Amino acid sequence: MPKPESWRLDAASYPARIDLQTRFQDMDINGHLNNVAFAALFESGRVLLNRQVRPLTERPSNERTMVAAVEINYLGEGNFPDPVTITSGIGRIGTSSWTIVQAMFQNGRAIASCDTVVVCRTDGQAKPLRADMVQELEANLVTPV
C-alpha cells in the first residue's frame with residue numbers, strides 16, 4: 001500500500017469534520033482500536049457528509065444511494081479513551097457516483113484514511129446525478145493543502 005499523499009494527512013484539506021469519542025468496546029486484545037471500530041467511526045463521518053450534501057427531507061422518493069466500495073488504510077494505532085476527529089470531503093464526482101475521501105486523526109496525528117465510492121440509483125438504475133446534487137457535491141470537494 002503506497003503512503004497517502006501529504007494533503008490527505010492534513011485536516012485542513014477537508015470541508016467536514018466531526019469529533020467522536022472512542023469506546024472501551026472499540027479495543028482489540030492489544031488495547032488498540034480494532035478495525036471494526038475504524039470502519040464505524042468513518043461511517044459516522046460519511047453519513048454526516050452525505051446528509052449535508054443530500055438532506056433526507058430533500059431526497060426524491062425514487063432515488064437511493066448505496067456504498068459500492070470502501071478502502072481503509074491503517075496508518076497508525078488508535079487508542080481508547082482518546083477521541084478521534086473524522087474529516088471528510090468529496091474526492092471525485094462521476095456520472096452516477098462519487099467518492100468520499102476521509103482521514104482519521106487522534107492526538108494531532110493521522111491514524112487512518114478511507115475512500116468510499118457511493119452510487120446513486122434512480123428508479124432502480126444508475127442514472128446521471130441530478131444537477132443540484134452535483135452542485136452540492138462540488139461545494140464539498142476536498143481542497144488539497
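**Close-up 1. Glu63 and its salt-bridge partner Arg130.** In this predicted model, Glu63 is a buried residue, since its relative accessible area of 5% falls under the 20% limit for that class. The side chain of Glu63 meets that of Arg130 in a salt bridge, with 2.8 Å from N to O. Because Glu63 belongs to strand β2 (residues 63-74) and Arg130 to the loop between β6 (125-126) and α2 (131-139), this pair ties together parts of the chain that are 67 residues apart in sequence. Arg130, with a relative accessible area of 27%, is partly exposed.

**Close-up 2. The salt-bridge network of Glu63, Arg130 and Asp132.** Arg130 also takes part in a salt bridge with Asp132, whose side chain it meets at 2.6 Å, N to O. Asp132 counts as partly exposed, at 42% relative accessibility, whereas Glu63 is buried.

**Close-up 3. The salt bridge between Asp115 and Arg8.** In this view, the closest N and O atoms of Asp115 and Arg8 are 2.8 Å apart. The two residues come from distant parts of the chain, with Asp115 in strand β5 and Arg8 in the segment before β1 (16-20), and 107 residues separate them. Asp115 is partly exposed, at 26% relative accessibility, while Arg8 is buried, with a relative accessible area of 9%.

**Close-up 4. The largest nonpolar core.** This core is made up of 12 residues, namely Leu20, Leu33, Phe38, Leu41, Phe42, Ile72, Val84, Ile86, Met104, Ile111, Ala112 and Cys114. At least two residues of the core are supplied by each of the elements α1 (35-53), β3 (84-93) and β5 (109-122). Another core, of 11 residues, lies apart from this one, and Ala16, Trp98, Ile100 and Met133 are among its members.

Close-up 5. When neighbours within four places in sequence are left aside, Ile86 is in contact with Ala16, Arg17, Ile18, Leu20, Leu41, Phe42, Gly45, Gln102, Ala103 and Met104.

Key
Residues are numbered from 1 along each chain as its sequence is written. This is a predicted model: local features need pLDDT of at least 70, side-chain atom pairs count only at pLDDT 80 or more; totals for chains, interfaces and linings use all residues. Side-chain values use heavy atoms; hydrogens and water are left out. A nonpolar core is a set of buried Ala, Val, Leu, Ile, Met, Phe, Trp, Tyr and Cys residues joined through side-chain atoms within 4.5 Å. Buried means under 20% relative accessible area, exposed over 50%, partly exposed in between (1.4 Å probe, protein chains only). Helices (H or I, at least four residues) and strands (E, at least two) are DSSP runs, numbered from the N terminus. Contact means heavy atoms within 4.5 Å. A salt bridge is a side-chain nitrogen of Lys or Arg within 4 Å of a carboxyl oxygen of Asp or Glu.
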